Amino acid sequence: MKYSEYQARIKQFEKDKTYDKDVNFDKHFFVAEQEANHRYIYDRWLDRVYYVFLRIGIFIFAPFLLFFTYRLKIRGRKNLRRKKHEGAIIVTNHAMLLDSLAIKQTVFKKVYYIGASVNNKKGFGGYTIKILGMLPLSNQFSNQKNLDQAVTYFLKQGKPIHIAPEQAMWRGYTKLRPFKNGGFYYAVKNNVPVIPMVELFSKPNAWDRLWGRKFRVTMKVLPKVYPNMDLPNKQRIEDLKIRVRESMRSAMNEFYGVESDVEVLDKNSL
């Protein structure tokens, strides 16, 4: 799909206020049908050895790839610090093609990623991205239960788990879209903090355009937000979502100098 066509789809979805719609709905390849009792925890010795080799490759090549693709800058890494063995849910706006790699480079430790079911790929490539931490969603009850158990397992080990609350990726989009509850549900259920990150986009210069860059990216890590466990159960998720969203909105508004929250913009346009 041409970039101009991609942007035209985004504008139409924005006009229709269908902010969670997948721009690439017709461009997903090698998707495998999930079988019942899908395995989410890859901790066999062979899995561990393969991950070590993959991590070495990422350590060597990721900085170069992210620099030449986005001129990536990372800010606020100090906000990643937390108690020993304390897991965390990472949330970001979903606007980069390589955001999972950028998040891994930011955290610099193994990160697990809850992604759409289309991320359940076939063959050795599918096995590889699962070793790297992909946890694909499923409509099957048995797999939903397995995913829930895997999330709890990883968080108890002190691992960070990323989930994009906007759901669909809109490449280069500079506004904050409505959030789903999933990531905040997991944070409340397991009583772990949410670490918000924002993907911030700058215009390319002449040199960037020569290399084919559409924008530059700064990944900014914001302070942790903890669930308020003193609230009634039904209010905890919504309260956490609101506070995280306001943190991300403030950071984006400061960077862009304009209102960046589509919910606010839509309300003001009525």
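The legends below describe an overall view and several close-up views of one predicted model.

Local features are given only where pLDDT is at least 70 and side-chain atom pairs only at pLDDT 80 or more, while totals for chains, interfaces and linings use all residues. Residues are numbered from 1 along each chain as its sequence is written, and side-chain values use heavy atoms, with hydrogens and water left out.

**Figure 1. Overall view of the chain, with nine helices and seven strands.** Helices (H or I, at least four residues) and strands (E, at least two) are DSSP runs, numbered from the N terminus. The radius of gyration is 18 Å, close to the 18 Å that the globule rule gives for 270 residues, so the chain is as compact as a globular protein of that length. This radius is taken over C-alpha atoms, and the rule is 2.2 Å times the number of residues to the power 0.38. Along the principal axes, the C-alpha atoms fill a box of roughly 50 × 50 × 35 Å. Of the 270 residues, 47% count as buried (under 20% relative accessible area; exposed is over 50% and partly exposed in between, with a 1.4 Å probe and protein chains only). Among contacts (heavy atoms within 4.5 Å) with a separation of 6 or more, 75% are between residues 24 or more positions apart.

**Figure 2. Strand β6 (residues 194-202) and the strands β2 and β7 that pair with β6.** Two strands pair if DSSP finds at least two bridges between them. Eight of the nine residues of β6 are buried. β6 pairs with β2 (residues 88-92) in the parallel sense over four bridges, and I90 has I195 of β6 as its bridge partner. The pairing of β6 with β7 (residues 216-221) is antiparallel and spans six bridges; here V198 has K220 of β7 as its bridge partner.

**Figure 3. R81 in the loop between β1 (73-75) and β2.** R81 is exposed, with a relative accessible area of 62%. From R81 to I195 the separation is 114 residues in sequence and 10.0 Å in space, C-alpha to C-alpha.

**Figure 4. Strand β3 (residues 112-115), covered on both faces.** Y112 and I114 lie on one side and Y113 and G115 on the other, and all are buried. β3 pairs in the parallel sense with β5 (residues 160-163) over three bridges, where Y112 stands opposite I161. Three bridges also join β3 to β4 (residues 134-136), and these strands run parallel. In β4, L135 stands opposite I114.

**Figure 5. Helix α3 (residues 99-107), mostly covered.** Eight of the nine residues of α3 are buried. The buried residues are D99, L101, A102, I103, K104, Q105, T106 and V107. Just after α3, F108 takes a positive phi of about 65°.

**Figure 6. Helix α4 (residues 123-131) and its cover.** The buried residues of α4 are G126, Y127, T128, K130 and I131. An α-helix has 3.6 residues a turn, so residues three or four places apart point the same way. The elements that cover the buried residues of α4 include α2 (45-70) and β4. G133 follows α4 and has a positive phi, near 120°.
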